Amino acid sequence: MTDSPPHPPADGSALLCLVTGASGYIGGRLVPELLDAGYRVRCLVRTPAKLRDHPWADRVDIVRGDVTDTDYLARAMDGVTVAYYLVHALGSGPGFEDTDREAARAFGAEARRAGLRRLVYLGALTPASVPEQDLSPHLRSRAEVGHLLLASGVPTAVLRAAVIIGSGSASFEMLRYLTERLPVMVTPRWVRTRIQPIAVRDVLRLLTGCAALPPDVSRAFDIGGPEVLTYRDMMRRYAAVAGLPPRLIVPVPVLTPALSSHWVGLVTPVPAAIARPLTESLRHEVVCREHDITRYVPDPPGHPLGFDRAVALALRRIKDAEVATRWSSAAVPGAPSAPLPGDPDWAGGSLYTDVRQRLADVGPETLWDVVEGIGGDNGWYSFRTAWALRGRLDRMVGGVGLRRGRRDARHLRAGDSLDFWRVEEIQRPRLLRLRAEMRLPGLAWLELRVEGDGPVRYRQRALFHPHGLLGHLYWWAVSPFHALVFGGMARNIVRTAERGTSGAPRPGLRARLRRATRRG
C-alpha cells in the first residue's frame, strides 16, 4: 500500500472503482460522477440487464454477482483500488439484519484479501444519546455494517447521512406527497424531531471525494446540510418552495411507527414495508456532531446546499423529466425475479396465458410510442376502476401498489419500476416485457409486442405461473375479468395509436383515455 491518496493519475491509467448497488438510487447517480472525475468504474449487480439502458453503461465494466458470494466478489475486486458499498436490505422483512451482517463481513474480508486501498460506505446518521441496541432495526443495522467495514483491515470511510433531499429519493417522495396531498395533516409525534437533511448533490460530491482520501484515514464522518429542521419545518418549507398554500400540521401522540408507516403508505407511493424503517428512523434526533469531512473534501462555494435550494432543484428535475434514478430503481425485497417462461433456464410447471392481438392502421413507431408510454399518469388503457382496486388491495397486504408511477414520462429502460411492474426487457420498437411485483400466489408477466411493418399487429400476452393450489384458484377467480381488463387494454392501445396520441403526457390525453376506456 502506498502512502499517497489514490487520485486519478495523469497518464490515462485511471484507478478502478467498484460500485455495488449501481442499479439503486445512489449507486446509479454515483457512477457518472466517478467517471467524470476521471476514474474507471466497475459495477457489481445481480442483474446486469438493469444497467443496459443507462447513458453511462458503455463506459463501465459490468459484472454479475452478489455481495454475499466470495467467488463473485473475488472476480469483481480484481484490479480494484476503491470499492463503494451501497447495498442495504431495507424493508426485506425478518432476518434483514443477518443478511446485512453476512454481506458486510464477506465484502470486507474479500477487500482485504484483494488488497484494496479504500472502502467507502454510505450509512445512516444515528443519535448520540441513544445506545445502538435501542435504535430502530434499520438504524442499528446501518451502524453495524459501518463497524464491520471499519474493522475489515481496509481503510474505510463511513459517511453517515440523515434525510437525503433529491428527486426520486424515498425520503423526498415521502415528504413531497405528504405535503402536496394533505393541506391539513394529523401527524405522528416524529414531525417534531430535529433532523439535518442533506442534498443528494452534496452526498454524491462527498462520496466521490472519498476515493482520494489519504490511506491513514479510516473513520466515520457525519454529513449534513447547513440547516437543522424538524420534519414539520421541512413540510412547511417544501410547501412554500412548491408554491402551495400553508399546511396545517397537528401532531398527535397515538400514531406508532407501525401505524404511521401505513399512514405514509396510504398517502404516498412509498409502500409501508419501506416507509416503516424510514419513519422509525425519525423517532430520534439526527444531527451532525462534526463536519470533519471538509478537511479532506472541502466544500466548494455555495455548498452544502440549503434545504430550500435542494427542494427547488429536485422539483425542477421532476418537472423537466430528468430524474436519473428513483428509490424504486432497486429491486423490491422478496419480489419475484424468475426468468420469463420459455427461457432456457425456466424450471417448468403449470403456466396460464391470456393472449390478445389486433391489427393497427399505423406504423410500428406510432404504436410503439403508446406501448412505451403505458402506466403512470397514462394508466393502463382499460377498466381504470379494476386497476385502481388491484393497486389498493396490493398495498393493503404490504405490496407496492400502483402509485410508484414512472421514472420518465416518455422512455423506459430495463430495470425501471412501472407502477406494480418492473421492466424486464425492452427492445425498441418491438417488445416490452414487464414482470409483476405485486403480491401474488405465483409469478406473472405482461408482454406487449409490435409486429410487422404493414400491416402492423399489436400482440399482448399475460402469463401466470401459479404457486400451489392458491395460485390456481387465483387465476380461475380473476380470469372472467380478463376480457374487460386485457381485452379492453389491447383495443384501447391500438385505438389510441390510430388517433395519433402518443403515450407521453399532453393536454387532453387523460380525457381521451377515459372516453376510450368507457367504450372499451
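This is a predicted model: local features need pLDDT of at least 70, side-chain atom pairs count only at pLDDT 80 or more; totals for chains, interfaces and linings use all residues.

Student: What makes two rings a pair?

Tutor: Their centres must lie within 6.5 Å of each other. One aromatic cluster is formed by Y352, F464, Y474 and W475.

Student: Why is helix α1 described as largely enclosed by the rest of the structure?

Tutor: A residue counts as buried when its relative accessible area is under 20%. In α1, which spans residues 25-36, nine of the twelve residues are buried, so the helix is largely enclosed. Those buried residues are Y25, I26, G27, G28, R29, L30, V31, L34 and L35.

Student: What covers the buried residues of α1?

Tutor: The cover includes strands β1 (16-20), β2 (40-45), β4 (82-85), β5 (118-124) and β7 (164-165), along with helix α6 (200-209). Just after α1 comes G38, with a positive phi of about 100°.

Student: How do you know how α3 is oriented relative to α4?

Tutor: Helix α3 (residues 96-114) packs against helix α4 (residues 137-150) at an angle of about 15°, and their axes are 9 Å apart. Angles under 35 degrees count as roughly parallel, and therefore α3 is roughly parallel to α4. The crossing of α3 past α4 is right-handed.

Student: Which residues meet there?

Tutor: On the α3 side they include F96, R101 and F107, and on the α4 side P137, E144 and L148 are among them. By class, this contact of α3 with α4 has seven nonpolar, three polar and six charged residues.

Methods:
Residues are numbered from 1 along each chain as its sequence is written. Side-chain values use heavy atoms; hydrogens and water are left out. Buried means under 20% relative accessible area, exposed over 50%, partly exposed in between (1.4 Å probe, protein chains only). Helices (H or I, at least four residues) and strands (E, at least two) are DSSP runs, numbered from the N terminus. Contact means heavy atoms within 4.5 Å. Rings of Phe, Tyr and Trp (its six-membered ring) pair if their centres lie within 6.5 Å; planes under 30 degrees apart count as stacked, over 60 as edge-to-face and the rest as tilted. Axes are lines fitted to C-alpha atoms, for helices over the stretch in contact, and angles run from 0 to 180 degrees between N-to-C directions. Angles under 35 degrees count as roughly parallel, over 145 as roughly antiparallel, 65 to 115 as roughly perpendicular and the rest as oblique. A crossing is left-handed if the near helix is turned anticlockwise from the far one by less than a right angle, and right-handed if clockwise. Ala, Val, Leu, Ile, Met, Phe, Trp, Tyr, Cys and Pro count as nonpolar, Asp, Glu, Lys and Arg as charged, and the others, Gly among them, as polar.
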